[in-house]
Amino acid sequence: MERLLKLFLSIAVAFSALSCDSKRERAEAVYKRAIHYPQGSMMSINGIKRATEIDSTYDEAVRELSVAYLKRGLPHKWKPQIDKAIECAPSLWQGYRGYNYLWFYRDYKKAIADFDATDSLTPNFIDAPQGHSVDYWRGICYLGLKDYKNSIAYFDKYINTEIEESGEDWVEVTAFLYRGIAYFETENYDQALLNFEKQLQYSRNQSADAKYYKALIFKFQGRIKEAMVLIEEAINDYNIGYYNNRPYVETLRQIYPEDLDAFRSNLK
Amino acid sequence: MRTKKVFKILGIILGLIVITIGCFIGYGYYMFNSSLMPEHEPFEHASHYIDPETALLNENFKVCDENYIAQYYNTQELPYPNGKNRFRNYINLAYVNNNYSDSGYLNIRFIVNCEGEVGRFVIHENNLDLEPTTFNENLKKQLFKLTSEAKGWKPTVLWEENRDSYMYVSYRIENGEITEIIP
């Protein structure tokens with residue numbers, strides 16, 4: 001009997017020790033269990049909401065609650081929730097909201113405003129929401145706005161910083177592609193070609209996009225035979241999956257097989 | 001006497017095992033169910049749920065597996081009929097801006113079933129600041145008709161099988177003009 005009493009006491013002590021966890025630790029524990037369920041499922045969103053009830057300043061959980069709505073086309077539910085995350089931790093999530101404005105809403109101006117805000121939130125640091133510098137994202141936004149001058153300027157800033165700090169092979173390869181497109185649109189074909197060459201250099205010479213744009217330039221320059229060879233290669237690259245695309249949404253300036261086929265037909 | 005004692009010990013052991021298993025199951029249920037329920041206004045459905053009772057064009061629409069409906073992005077290729085580019089061209093050619101002044105996102109959510117048929121539609125109307133609004137009825141009808149009548153949606157393929165999936169098309173509209181089709 002005495003032993004049994006000791007056992008119960010030990011269990012009680014263990015439970016009371018557990019209950020001494022801070023609010024954040026308890027919220028994190030609930031959150032970690034909740035995200036075992038598929039994103040957006042009833043149990044997942046309920047658990048994440050519970051975590052935010054335990055600690056309303058737990059920004060990761062507050063943000064995560066917005067994500068399923070973002071991916072499912074429910075902007076009126078995504079926006080208030082992501083705004084709450086930004087209230088909790090602006091330096092962490094404002095750039096991230098900009099990234100979402102860019103890709104899920106194609107609202108380039110709102111995206112730029114959020115990326116610009118990160119400059120003042122973290123003045124001594126270049127933020128990198130979703131793994132890329134805000135300068136890279138701003139380059140894409142300005143390309144979307146057809147403001148090629150600013151697009152090139154931000155890609156220059158991003159690429160030069162990356163080269164200086166880590167080396168050219170660390171540059172996100174689509175930065176060369178997009179900077180090339182911006183030059184292409186301003187009819188600066190020499191600079192455009194240099195960028196498409198860089199894209200190919202760092203993609204093991206496999207990029208339907210770079211070859212397609214190069215072929216377009218060659219056509220303008222009257223180099224039809226070279227354009228024909230390139231467009232055949234571009235079609236081949238496309239067919240084996242080497243073209244610019246992204247998950248969830250269409251990427252900016254995404255090319256399609258019919259674009260390539262139409263161009264080839266026009267060359268003949 | 002000795003046999004009785006053995007049975008008694010076995011009974012105690014068995015009892016303890018049953019209690020332990022019961023506690024384990026109860027603890028697991030608490031941890032992965034009850035403890036995850038919010039105290040205020042718990043969600044009654046998944047985030048993507050579309051109520052079949054109130055959905056548009058749900059009569060005669062069948063999903064192949066009501067218990068498992070995937071998301072459009074579970075496979076790499078977007079499920080638009082004949083690809084996104086051709087879908088965009090189809091919409092842009094057919095849509096007529098009848099002097100609409102509306103701006104915002106007209107989002108149409110629905111299910112693409114495992115046979116590529118679409119149904120169970122719901123429409124969300126938001127302004128460019130992503131706040132609920134109301135679009136011109138004629139504009140809304142036009143885009144709903146074009147979207148729901150498009151044929152050839154691609155079912156999501158998972159584990160080498162065609163699956164039902166949730167899909168949405170978001171029309172970004174500025175002064176009545178479609179400026180983007182997302183995703």
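Helix 7 of chain A takes in residues 108–121, and because its 14 residues should span 20 Å at 1.5 Å a residue, the 20 Å between its end C-alpha atoms agrees with expectation. The expected span of a helix is here 1.5 Å times one less than its number of residues, and helices (H or I, at least four residues) and strands (E, at least two) are DSSP runs numbered from the N terminus. This is a predicted model, in which local features need pLDDT of at least 70 and side-chain atom pairs count only at pLDDT 80 or more, while totals for chains, interfaces and linings use all residues. Residues are numbered from 1 along each chain as its sequence is written, and chains are lettered from A and ligands numbered from 1 in the order in which they are written.

The buried residues in helix 7 of chain A are Tyr108(A), Ala111(A), Ile112(A), Asp114(A), Phe115(A) and Thr118(A). They lie on the same side of helix 7 of chain A, because the arc they cover around the axis is only 160°, the arc being that of the directions from the helix axis to the C-beta atoms. An α-helix has 3.6 residues a turn, so residues three or four places apart point the same way. A residue is called buried if 20 or more other C-beta atoms lie within 10 Å of its own, exposed if 12 or fewer, and partly exposed in between, with C-beta atoms placed from the backbone. On the face of helix 7 of chain A turned away from the buried side are the exposed residues Lys109(A) and Ser120(A). The cover over the buried residues of helix 7 of chain A includes helix 6 (90–104) and helix 8 (134–144) of chain A.

In the loop between helix 6 and helix 7 of chain A is Arg106(A), which has a positive phi of about 50° although it is not a glycine. Arg106(A) counts as buried because it has 21 C-beta neighbours inside 10 Å.

Chain B is the next topic. Its secondary structure comes to three helices and seven strands, which follow the pattern α-β-α-β-β-α-β-β-β-β along the sequence. Chain B is divided into domain 1 (1–44) and domain 2 (70–182), with bounds that come from an automatic or database domain assignment. The C-alpha centres of domain 1 and domain 2 of chain B lie 50 Å apart. The C-alpha trace of chain B spans about 100 × 40 × 30 Å along its principal axes, and the radius of gyration of chain B is 26 Å, whereas a compact globule of 183 residues would have one near 16 Å. That radius is taken over C-alpha atoms, and the globule rule is 2.2 Å times the number of residues to the power 0.38. Of the 183 residues of chain B, 25% count as buried.

How many residues of chain B are in contact with chain A? There are 35 of them, and they are in contact with 30 residues of chain A, where two residues are in contact if their C-beta atoms, placed from the backbone, lie within 7 Å. Strand 6 of chain B gives the most to this side of chain B, with four residues. By class, the side of chain B that touches chain A has 17 nonpolar, 12 polar and six charged residues; Ala, Val, Leu, Ile, Met, Phe, Trp, Tyr, Cys and Pro count as nonpolar, Asp, Glu, Lys and Arg as charged, and the others, Gly among them, as polar.

| Pair | Apart in sequence | Apart in space |
|---|---|---|
| Leu56(B) and Met37(B) | 19 residues | 31 Å |
| Asn60(B) and Asn92(B) | 32 residues | 29 Å |

Leu56(B) lies in the loop between helix 1 and strand 1 (70–71) of chain B, and it is partly exposed, with 16 other C-beta atoms within 10 Å. Leaving aside neighbours within four places in sequence, Leu56(B) is in contact with Phe121(B) and Val122(B). Asn60(B) has its place in the loop between helix 1 and strand 1 of chain B, and counts as exposed because it has 7 C-beta neighbours inside 10 Å.

Leu130(B), in the loop between strand 3 and helix 3 (137–149) of chain B, has a positive phi of about 65° although it is not a glycine. Leu130(B) is buried, with 22 other C-beta atoms within 10 Å. In the segment after strand 7 of chain B lies Pro183(B), and a cis peptide bond with omega of about 10° joins Ile182(B) and Pro183(B).
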